[in-house]
Amino acid sequence: MGFSADWLALREPVDLAARDNALLSRAAECAGEDAVVLDLGCGTGSTARAFNGASATWTWRFVDGDSALLDIAHRLHPASECVQMNLRDIDELPLEGVRLVTASALLDLMPEAWMTRLAARLQAAAVPFYAALNYDGVMGWSPEDEADSQITRAFNQHQQTDKGIGPAMGPDSGKMAAKILADHQFKVTLADSPWRLGAEQVPLHQELLTGIAQAATEVGDARANDWLKQRKADLAQSNAVIGHTDLLAIPKKSGRRGE
């Protein structure tokens, strides 16, 4: 379930443009000033950078299983706290003093059982949760290719396979997480945050296409390689929309700002 620093750097500007700004602002209001904010699966700290000036007084507590990514996050955010741990260990999450928990591009990789355990911990601590950029199963290209819908179905099937911690929620992660959190007495708001890829995002688009085709091949789609060749041939003239969902969950009895 690991990701390279190069891939994370490539996607960060597109992630930033895709985030729902209203939900991001409400999440910042939930934390307030001088907050400790826990970022799950932090990578190189892109979520912290997304909050920009709103987090100037915050202490970021970065959590990731990859020590190399944590080293980069700490170098870019010297005042941060870094915790290396396996995200499956929900009971070990360092929630002491935390006023907001965040995650980006994570929930679609995680199982329903993991999300249920996280919701229970967040409920017990009465901590809001902001989770952005969860893949929602929608992909579209212009110009279209007759294999687009078939490849999308195969990719979505792959997204629900085990990423090392159990069968992933995949494209259903936003809706599933929202229901689980609502069942744990959170007020949940969802917002669309689609990637929009054009001529300025060709390097990211190319890497994405390769990953999509590989995933489709792994679940037995015989057309994936031909689709990839055609998509790459058309790349300079192609536009794509890759759907994502942002989520903000606020404990109903917390009295937090941002409600």
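View 1. E146 is exposed, at a relative accessible area of 67%, where buried means under 20% relative accessible area, exposed over 50% and partly exposed in between (1.4 Å probe, protein chains only). R223 counts as partly exposed, with 33% relative accessibility. In this predicted model, local features need pLDDT of at least 70 and side-chain atom pairs count only at pLDDT 80 or more, whereas totals for chains, interfaces and linings use all residues. Residues are numbered from 1 along each chain as its sequence is written, and side-chain values use heavy atoms, with hydrogens and water left out. R223 and E146 form a salt bridge in which the closest N and O atoms are 3.2 Å apart. Because R223 lies in the loop between α8 (202-218) and α9 (224-233) and E146 in the loop between β5 (129-142) and α6 (148-159), the pair ties together parts that are 77 residues apart in sequence. A salt bridge is here a side-chain nitrogen of Lys or Arg within 4 Å of a carboxyl oxygen of Asp or Glu, and helices (H or I, at least four residues) and strands (E, at least two) are DSSP runs numbered from the N terminus.

**View 2. The salt bridge between R231 and D148.** The side chains of R231 and D148 meet at 2.9 Å, N to O. This pair links distant parts of the chain, with R231 in helix α9 and D148 in helix α6, 83 residues apart. R231 counts as buried at 2% relative accessibility, and D148 likewise counts as buried, at 8%.

**View 3. The salt bridge between R49 and E12.** The closest N and O atoms of R49 and E12 are 2.8 Å apart. R49 belongs to helix α3 (residues 46-51) and E12 to helix α1 (residues 5-18), so the pair ties together parts that are 37 residues apart in sequence. R49 is partly exposed, with a relative accessible area of 24%, and E12 is also partly exposed, with 21%.

**View 4. The protein chain around these pairs.** The protein chain contains nine helices and eight strands, and a search of the whole structure finds six salt bridges. Of its 259 residues, 52% count as buried. Among contacts (heavy atoms within 4.5 Å) between residues at least 6 apart in sequence, 76% join residues at least 24 apart. The C-alpha atoms fill a box of roughly 50 × 35 × 30 Å, taken along the principal axes.
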